[in-house]
Amino acid sequence: MTKPLANRIALVTGASRGIGYATAIALAKAGAHIVATARTQGGLEELDDEIRKDGGSATLVPLNLTDTDGIARLGAGLHERYRKLDILVGNAGVLGPSSPIGHIELKTFNDVMAVNVSANFQLIRCMEPLLKQSDAGRAVFITSGAANKATAYVSPYAASKAALETLARAWAQETANSKLRVNLFNPGPVRTRMRATLMPGEDPETLDTPEQVAEFIVPMCAPDWTETGRFYDYKTRTLMSFRAPA
């Protein structure tokens, strides 16, 4: 039986754990070859083992996304090897400090923006030509409800996700007349290490798992997905449009 993503190349950032890990496995089960990036070699090797158990394949790329030259080299390597990229899942992100704005150092703020915004900007720059070589390039960026709620005490994270959403939406408009589709995905509270750091007193058993979330990301990566510039809210299972403030 032909798998829906057979012969497709999928780049997943932050793939060593959490939603990125689960999404990489789900995409591989659907037939995609996974190009997995993360800072931790060990986590990538565990991912590779899991993918291979189901007969899938992966290329492991240990990479800190603050290394913008490294992202450019990755793009060049993908061009040399595959001449295209079918799927980009921009999942990697950091929470940053939980503190009042006035207590946050500028360097700490910039460190969050470097991973959550600047790295995705560089990914867009370096991967767009490859995605346009695909017959159905698909990009999905993982965002957060903190972006529109302007959540207190996590201002760098909230600001970075708001910036990411605007960046992705602008890219979606710029590519609307191409075969490339660009969308955002908000998982909400999920049983991840990041969530446990933010809410240490929360019972993780009350939250959905990354594996459950990943099953909803996969369809947004498929050739038959036609929406662009939209926002999928996992908690309500709703595909939303952005609107101006009332």
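The report below treats the sheet and then the helix packing.

This is a predicted model in which local features need pLDDT of at least 70 and side-chain atom pairs count only at pLDDT 80 or more, while totals for chains, interfaces and linings use all residues. Residues are numbered from 1 along each chain as its sequence is written, and side-chain values use heavy atoms, with hydrogens and water left out.

Eight strands form an open sheet with mixed pairing, in the order 3-2-1-4-5-6-7-8; strands (E, at least two residues) and helices (H or I, at least four) are DSSP runs numbered from the N terminus, and two strands pair if DSSP finds at least two bridges between them. Because strand 3 (58–62) and strand 8 (238–240) each have a single partner strand, they stand at the edges, and one side of each is left without a neighbour in the sheet. Neighbouring strands are turned by 20° against each other on average, direction ignored. Strand 2 and strand 3 pair in the parallel sense over five bridges, and within strand 3 Thr59 is the bridge partner of Val35. Strand 6 (residues 181–186) and strand 7 (residues 231–233) also run parallel, joined by three bridges, with Asn186 opposite Asp233 in strand 7.

Helix 1 (residues 18–29) lies across strand 1 (9–13), strand 2 (33–38) and strand 4 (87–90), and runs at about 170° to strand 1; contact means heavy atoms within 4.5 Å. The helix pairs are set out below, with axes as lines fitted to C-alpha atoms, for helices over the stretch in contact, and angles from 0 to 180 degrees between N-to-C directions.

| Pair | Angle | Axis separation |
|---|---|---|
| Helix 1 and helix 2 | about 25° | 10 Å |
| Helix 3 and helix 4 | about 15° | 9 Å |

Helix 1 is therefore roughly parallel to helix 2, a label given to angles under 35 degrees. Their contact is made by Tyr21, Ala24, Ile25 and Ala28 of helix 1 with Gly43, Glu46, Leu47, Glu50 and Ile51 of helix 2, and by class it has six nonpolar, one polar and two charged residues. Here Ala, Val, Leu, Ile, Met, Phe, Trp, Tyr, Cys and Pro count as nonpolar, Asp, Glu, Lys and Arg as charged, and the others, Gly among them, as polar.

Helix 3 and helix 4 are likewise roughly parallel to each other. Residues of helix 3, including Thr68, Ile71 and His79, meet residues of helix 4, among them Gln122, Cys126 and Leu130. By class, this contact has nine nonpolar, four polar and no charged residues.

How values were computed: Parallel < 35°, antiparallel > 145°, perpendicular 65-115°, else oblique.
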